[in-house]
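Here is a short tour of a protein model, written to be read alongside the sequence and the coordinates. Keep the viewer open as you go.

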Amino acid sequence: MTAQFEIVEPPVGALPPRARLNSTAGVLSLDGTWQFAWSPTAETGKDPADPGRTWDTLPVPSHWQLHGYGSPAYTNVRFPFPIDPPYVPQDNPTGEYRRIVRRPADWRGGRVLLRFDGVDSWFQVWVNGAPVGRASGSRLTVEFDVTAHLTGGDDVLAVRVHQWSFGSYVEDQDQWWLSGIFRSVALLHRPEGGIDDLYVVAGGDGSLSVTAPVPVRFTRPDDVQPWSAEKPALYRLLVSTDAETVSLDVGFRTVTVDGDRLLLNGKPLVFRGVNRHDIDARTGRAVSRARMEHDVALMKEHNINAVRTSHYPPDPYFLSLCDRYGLYVIDECDIETHGFGLVGWRGNPSDDPAWGPVYLDRMRRMVERDKNAPSVVMWSLGNEAGWGRNLATNAAWTSSRDATRPIHYEADEECESVSVYSRMYPTYDKLEAIGRGAEPALADPERDRRRRGLPMIMCEYGHAMGNGPGGLADYEAIIDAYPRLAGGFIWEWADHALLSDGSYRYGGDFGELVHDGSFVVDGLLFPDRTPSPGLTELAAIITPVRLRFDGDDLLIENRWSFTTTAEVVFASAAGEVLDVPPIEPLTSYRLSDAPPSVTATLGGKVLARAQRPPALGAPARSGASGRERLGGVVISQPSREQHGDAGVDDAGREPFGDAGIDAGGRGGAAAGRSIPRPDRLGPFPLASVALDAWRAPTENDRFPGWDGKVSMEEQWRAAGLDRLIAAPARGRYQPAGLDSGFEIDYRWSIRDDGLRLDVDIERLGEWRLSLPRLGIALALRTPDPSSVVFSWLGLGPGESYPDSRAGVWFGEHSMTVGEAQTPYVVPQENGNRSEVSRMSLAAPAGTLHIAGDSPFDVAVRPWSTAALESARHADELVEDDVLWVHLAAGVTGLGSASCGPAVRPSGQYRAARAQLGFVFTTS
Ligand code: IPT
């Protein structure tokens, strides 16, 4: 028998959707502690009239899985149940919620509404045992008129929520399956003669139209300035009847699609955006206002100007923040049927007329609720729901209801119904072709002509999974070059890991049979909201004020559409303020003979930094002044070459002798006295020195990316880079079964300026693949390696890779080894510092200084590469008493291959030979 939650229908007993309004009429929040009973199946045996006095309690809003009932489950595209719409499994976890409500005595006359802002996924409501209605549409507001049900005394409000319903088939977003009343619940007083709905259209030219279902009074604000994300000017509009006054924050702006240009108030509208889900590591999609405020502040701080509310309308409070602080929003409907894609889109609800009313209801509930938000500049029909008649109908309804906003939907590939062309994760070549209007033609010439004439956005690009994305600067350069390209939205804002037992968990950690692992952890923010290096990189790339050296001249580009640089302070490294006239929006200025290092700041925030290129790769000589040389002082015994093993047995070494000493130094250095491998480097016993051509694969390394068939990890493993066997007598490292590998030659020597190491590495064999890195790893013994202070002259302070180095700058940087680790939720390669010319490691026992002949890459770690590679969660990494120092001639970049293009050739390390020279001193 079909259960009620398997009947494909819009909400029953609910009121028509309407605008979100602040009102003088009464509001009673029902958030707080509710009585709660959970059942693993839909048959709960509970009576809706039972107030549940003896039951458990549960906070509202929340998800029951995060309070010990059932468990979270993560799938990306796949449905976690058989595809048999609209039916759902017998095991359908169900929550019974109860709460005593009382109509406030001062709510005289009128009606009382019960409002739910988010219930996942299907629910039924009773008051005193009498049915009120039922609804689905997890991230949409629904209201019921409960006037007739309330007695004025204590009334029993009962809500039964099922985890699975027909609605689950259209809510297959890439996120945790989490259930319950997860957004606010309230009782609203609606006075007789009140203002139930309002539709305000405020144009960038100052025009204002107010449409209400009843005659209303309002005063038009005068002298208005236009609203934009750069200058979010809002005007409080009070709209009254005798019974009620509602207030709205109005922003005056006009969004237009003008040929293939997207414009706001007549100026280019370029999204420098992120995709944002509702997510908090402790509370799931029940997100506090403080969390939302913090997120918006972080977005503004990192130059982000736009948000796509992937993939459903957010809590309305989030939109009010976007209005106030200035973020352009693509508001997306709660529709995704992605899992049907895995069965060839058979039975996709998007094209099934039986689902039409449900689709339209969802679109209407979004548009009606959010239609007055100035931040909302586009409506999105949903995400990854294939294509079909129901989506076309939604588009048609939306453009007739609100002609002021363009319509977006990525999977309308032929742009039948949308007003902008949208792609996700295009390769650079494809994006460039679209920029030029040279994308491959559609079969239908008429459609092709129309689509070719539309502006284009990337609704998703730059997959921020694990360490990455790399290659963002190249995307930005293409966006800059072609006005048809209106920017894009990074996937995605924050990691979705859930905090459980003190550790960040992802798919599979809750015993799911079917899951998609760490694909849910792909944000620019770590789960604790610490910005990842990817966010720092993005902020530098999308900066509104860009600085670039052209010889001795500094080019200053104002990329704002509405703001001059009058308030931006341009200063030299010495703090001298430079004489730069205000630069008009979207224009550039050339400052001749600029100082070698310039910073642009706005209100104390650094917008951009530029350093004249010669600063990079500056002479590496460190000068050993004030330092003790590492001559015979620290060298007591020679030792044998060891491969990658910190557990070196220090006993039984050959006594130091003159055998093997040779007078030659290499790498262009003056000759010194050759010596065997030393036992110590300054304060640190040297446990091993080994060739280093491997990294703990990043999540981007694990995927081939759009343009390849074999991931970098697979290529590297096939070449045996992860299992090199040392043959010290031959100076070789080769994997079992292959004749390729590396030949390495070390020379240690004592010279005037200290202890010198020359390393010469050559590839053996014909292979030409990229290498994760090429250099050596030193294992230095020290207690508490995390506390060793790591200082360097090079790019910093954050990590950098060849295709991700916009957010770092050349200079002196210092932090502990512990702080130099980037805590990706899934442990992987991290922490590389590039263009380093010298560095030091300071432990209580003393300081070791390392100077390179030429700039090198370095990563310092309190654990080995093998430990980093085998850990699946950050808390599995435990330091021991070895400090690993990875010194490399070069490393490969990051790319975006986990969902997008792989590392571009320019970001791959492919040298056939590497020569490294270091001088070690101590102090
Ligand atoms: C794309 C989805 O739209 C997004 O929700 C997320 O799942 C992302 O992938 C991967 O993290 S769809 C994909 C087929 C490109």
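What follows moves from the whole chain to its aromatic rings and then to one helix.

**The whole protein**

Please keep in mind that this is a predicted model. The protein contains 10 helices and 54 strands. Along the principal axes, its C-alpha trace spans about 100 × 65 × 55 Å. How does the radius of gyration fit a compact globule? For 923 residues, such a globule would have a value near 29 Å, and the 31 Å of the protein agrees with that.

Of the 923 residues, 60% count as buried. Among contacts with a separation of 6 or more, 74% come from residues 24 or more positions apart. The accessible surface comes to about 33600 Å², and carbon and sulfur atoms hold 51% of this area. As for charge, there are 91 positive and 123 negative side chains, and the centres of these two sets lie 2 Å apart.

**Aromatic rings**

Searching the whole structure turns up 34 aromatic pairs. One of them joins Phe-5 and Trp-122 in an edge-to-face arrangement.

A second example is Phe-79 with Phe-81, whose planes stand at 35 degrees, so the pair is tilted. Phe-79 is buried at a relative accessible area of 8%, and Phe-81 is likewise buried, at 6%. Here are the two pairs side by side:

| Pair | Centre to centre | Angle between planes |
|---|---|---|
| Phe-5 and Trp-122 | 6.1 Å | 75 degrees |
| Phe-79 and Phe-81 | 5.3 Å | 35 degrees |

Rings also gather in a group: Trp-34, Phe-36, Trp-38, Trp-64, Tyr-69 and Tyr-97 make up one aromatic cluster.

**Helix α2**

Is helix α2 (residues 316-325) mostly covered or mostly open? Helix α2 is mostly covered, as 7 of its 10 residues are buried. They are Pro-316, Tyr-317, Phe-318, Leu-319, Leu-321, Cys-322 and Asp-323. What do these buried residues of α2 pack against? Their partners include two helices, α1 (289-301) and α3 (356-370). Strands β25 (306-308), β26 (328-332) and β27 (376-380) also pack against the buried residues of α2.

Methods: Residues numbered from 1 in each chain as written. Predicted model: local features only at pLDDT ≥ 70, side-chain atom pairs only at ≥ 80, totals over all residues. Heavy atoms only, no water. Helix = DSSP H or I, 4+ residues; strand = E, 2+ residues; numbered from the N terminus. Rg over C-alpha atoms; globule rule 2.2 N^0.38 Å. Buried < 20%, exposed > 50% of the residue type's maximum accessible area, 1.4 Å probe, protein only. Contact = heavy atoms within 4.5 Å. Areas by Shrake-Rupley, 256 points an atom, 1.4 Å probe, with all protein chains shown as cover. Lys, Arg positive; Asp, Glu negative; His and termini not counted. Charge placed at Lys NZ, Arg CZ, Asp CG, Glu CD. Phe/Tyr/Trp six-rings, centres within 6.5 Å; stacked < 30°, edge-to-face > 60°.
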